[in-house]
Every structure is written in C-alpha cells, then in structure tokens.
Amino acid sequence: MFRRITFIVVLLVACSELVAETYWISPEGKVSASGSEMDPFASAEAALKKAGGGNTFVFKPGDYVGTQITLSPEHAGSAEKPTILKSQYKYKAVLHGSVFHNIYVKSGCKWVIIDGFESSGAKYTGVKTDADYTVIRNCRIHNNALQGIEAHGVRGAVIENNIVEYNGVHPQFNHGVYADGENLTIRNNIVRFNSGWGLHLYPEIANSKIENNLIYGNERWGIAVYSKPRSGSNSIVNNTIVLNGSGIAVKNGLDEVIANNIIVDNTGWKFEKAEPIEILDGGDPRKSKIVIDYNLCLPPLRGAGPHPVFGDPLFLDKAKGTFYLKAGSPAIGQGSKEYAPKGDFFGRPLRENRPPDLGCFPYDP
C-alpha cells in the first residue's frame, strides 16, 4: 500500500510539472499585478521575472513601444512545456520601435514559441533568435531597419505562417529572413518587398526544409542557400518565387532537392540575364547530387531535369500580388509526390488522387 501511495504522489507531482501557467500582459497593466487576465502585468519583463520559463504569456491588444522583449536561458522551456509568447488576437499586440530587436531570444533559451505579433520599427531586427527550437509563427514583421527575422547557428527552429515585408535599407546586408543552422523548417510564409534577399540562408545550412513559401518583390535573390560543406541535404520545394532580383541560388550544394517550384520573372539584379536557378560556385549539380526537376521556370532553365514545365503559370493577378493559379495553368498537377511536402500553404493535406501542383498555392476553383 505504501508503495502504491508513493507512486501516486510521484505521478501527481510529475503531472503538475507538465501543466503550464498562463500570465497576461497589457500596455495598461500594473507593475504590482498578479498576472491574471483581469490584472495583467505591464511588461513582459515583469511577467518573465515572476513566472520564468515553461509558461504561456498572453499579450492583450495594444502598442508595446520602444522596449526589447529579451528571453535569457533562465526563461527556457522544454519540448513538453515550451515558453510561449502569444498575441491574444493575431497582429493585435504591436511591438514597435525597439532600439535593438523587438524580440530577442538569447543563446541557451531553448523551446520558445513566438505567435501572432505585429513587429515593426526595430532599429535592428523584428524578431531575432540565437537559441535552438525556437518557433516564430503567425506574425506580421515589417519595416524593421535590418532584418525581419534572424535565426543564426540554431537547430530545429521553425519559421512558419508569417508575413515578412518591407524590411531593411541595404540591398546586400538586409533581408526578409536571415537564418542558418541545422534542421530548420521555413514554410508557408509570405516574404515580399525586402531590401535584399527574401530568404538569405547563410553562412551554412543543412538538413533543412524550405517549402510552400511565396517570395516576391525582393531586391536580390528570392532564396539563397549556402549549404553546409559535406552536409547539405536541404529541400527547396513548392515555393512560388516571382519578381525578385533573381530566383534561387545554391552554394556548396550537396544532395539538395529543388523541385515543384514556380520561378518566373526574376529580373536579374546583376544587370545580366541570370538563370532562374544558379549554382554559385560553378559546380556541376550532377556531381553534387543536386536534384533539380519538376520546376516551372521563365526564362527556361538550362539543365532543368527530365520533367521541366514550360509556359505562363497563369497567375490570377500578378500585378496585384495574387499568385493563385487560374484554370488551365501548366503548373496544375505537374509536380512530384516524392518531393512534395505533406501539406499545402493552407495546412491542408495533399490530394491523393493526382500529382501535386507546382508552387505554394494549389489550384482550387
């Protein structure tokens, strides 16, 4: 009987440790608040100081101006209990005008989720992480001085379902998303009108997925992948890359897959006619075992693989940034299931009865 009671007590303690608490934050909150929904903290700093990591922090609507939300190693969560920073309503908690980054997750602060914020006007980067297993999702990140999102030297980071636009002032050094590491997932984002690259994955990235992104109107490459030497194995699939300075670039490639993309009308920032997919170090994709296939490219790509797709993709209204496919598009049903992601831009599973469409938006009448 004693052993049974002891086991039950230990189990209850273990279960209680897995239950995260929820704390509330508001621009109208009080310094000496309890952190409840009716008595919110005035700042993330006060909430984190009281609660620590492994809890959920909900930000009420309003403007959070001029301060950086900093998460240090003592605020780390875990796979079972991540530290969650969440806007109560999508885009309604507005972080603006930090002298550095609006949100900064320091190295060692693992397992943090950042969800649903608007982040603008930072003098450096909208959202920056140096920690493993950070998730940045459902945010609108715009008009920051350098980058929209930064994630360097990290493992297992996820960047998904964000709008990243109008960031940076320099065409070489400022980008929409500036990231590298291993096992990254960058999916279902709209990345547009940034001053440099759309996705600049530098200095080295490996074993990562770049899928279902709409990338357009950026000054230089839509996607630049600097593959980690002797590792590589990055997957660049089902992206729509339109009206950037150039399309996709890969350096140090090894075992990359570039498939099911639409890469059209990227005009060439180098004042020369660039290939839609460029191997920057002059290497032979065949020797590097880079798979390039099932892509719709305009202008047509040399070395496009055995299943190239030709013709106007028939976007609904390219001039207005509406890149859904019209009926009759040559991109419909021309992709490879082997390389396709499990779901589409909207999180729906791929249709089983036919090959996937090219690009990030499947045709849907």
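This is a predicted model: local features need pLDDT of at least 70, side-chain atom pairs count only at pLDDT 80 or more; totals for chains, interfaces and linings use all residues.

Colleague: Can you zoom in on the E29 end? How many bridges join E26 to E29?
Modeller: There are 3 bridges between E29 and strand E26, which covers residues 257-259, and the two strands run parallel. In that pairing, isoleucine 258 stands opposite isoleucine 292 in E29.

Colleague: What holds paired strands together in general?
Modeller: Strands of a sheet pair through backbone hydrogen bonds, in either a parallel or an antiparallel way.

Colleague: What about E10? Which strands pair with E10 in the parallel sense?
Modeller: Strand E7, residues 103-105, pairs with E10 over 3 bridges, and strand E13, residues 147-155, pairs with E10 over 4 bridges. Valine 127 of E10 shows up in both pairings: isoleucine 103 stands opposite valine 127, and valine 127 stands opposite isoleucine 149 in E13.

Colleague: Is E10 mostly covered or mostly open? How many of its residues are buried?
Modeller: E10, residues 125-129, is mostly covered, with 5 of its 5 residues buried.

Colleague: Which of its residues are buried?
Modeller: Ala44, Ala47, Leu48 and Ala51 are the buried ones in H2. Looking down the axis of H2, these buried residues fall within an arc of 95 degrees, so they line one face of the helix.

Colleague: Why would residues a few places apart point the same way?
Modeller: An α-helix has 3.6 residues a turn, so residues three or four places apart point the same way.

Colleague: What covers the buried residues of H2, and which residues are exposed on the other side?
Modeller: The cover includes E1, E2 and strand E4, residues 69-71. On the other side of H2, Glu45, Lys49 and Lys50 are exposed. Just after H2 comes glycine 52, with a positive phi of about 75 degrees.

Colleague: Speaking of phi, which residues other than glycine have a positive value near 60 degrees?
Modeller: Asparagine 212 has a phi near 60 degrees, and so does tyrosine 294. Most residues other than glycine have a negative phi.

Colleague: Where are those two?
Modeller: Asparagine 212 is in the loop between strand E20 (209-211) and strand E21 (214-216). Tyrosine 294 is in the loop between strand E29 (291-293) and E30.

Colleague: Buried or exposed?
Modeller: Asparagine 212 counts as buried, because its relative accessibility is 3%. Tyrosine 294 has a relative accessible area of 17% and is buried too.

Colleague: Where are the cis peptide bonds you can show me?
Modeller: One joins tyrosine 202 and proline 203, with omega about 10 degrees, and proline 203 is in strand E19, residues 199-206. Another joins leucine 298 and proline 299, with omega about 0 degrees. Proline 299 lies in the loop between strand E30 (296-298) and strand E31 (315-317).

Colleague: Last topic: glutamate 165. Which side chains does its side chain make polar contacts with?
Modeller: Its side chain has a polar contact of 2.7 Å with that of arginine 140 and one of 2.6 Å with that of arginine 192. Glutamate 165 is in strand E15, residues 163-165, and counts as buried at 3% relative accessibility.

Colleague: And glutamate 28, buried or exposed?
Modeller: Glutamate 28, found in strand E1, is exposed, with a relative accessible area of 64%. The C-alpha atoms of glutamate 28 and alanine 42 are separated by 6.2 Å, and the two residues are 14 residues apart along the chain.

Technical notes: Residues are numbered from 1 along each chain as its sequence is written. Side-chain values use heavy atoms; hydrogens and water are left out. Buried means under 20% relative accessible area, exposed over 50%, partly exposed in between (1.4 Å probe, protein chains only). Two strands pair if DSSP finds at least two bridges between them. The arc is that of the directions from the helix axis to the C-beta atoms. Contact means heavy atoms within 4.5 Å. A polar contact is a pair of N or O atoms within 3.5 Å; within protein, one must be able to donate a hydrogen and the other to accept it, and residues adjacent in sequence count only if both atoms are side-chain atoms.
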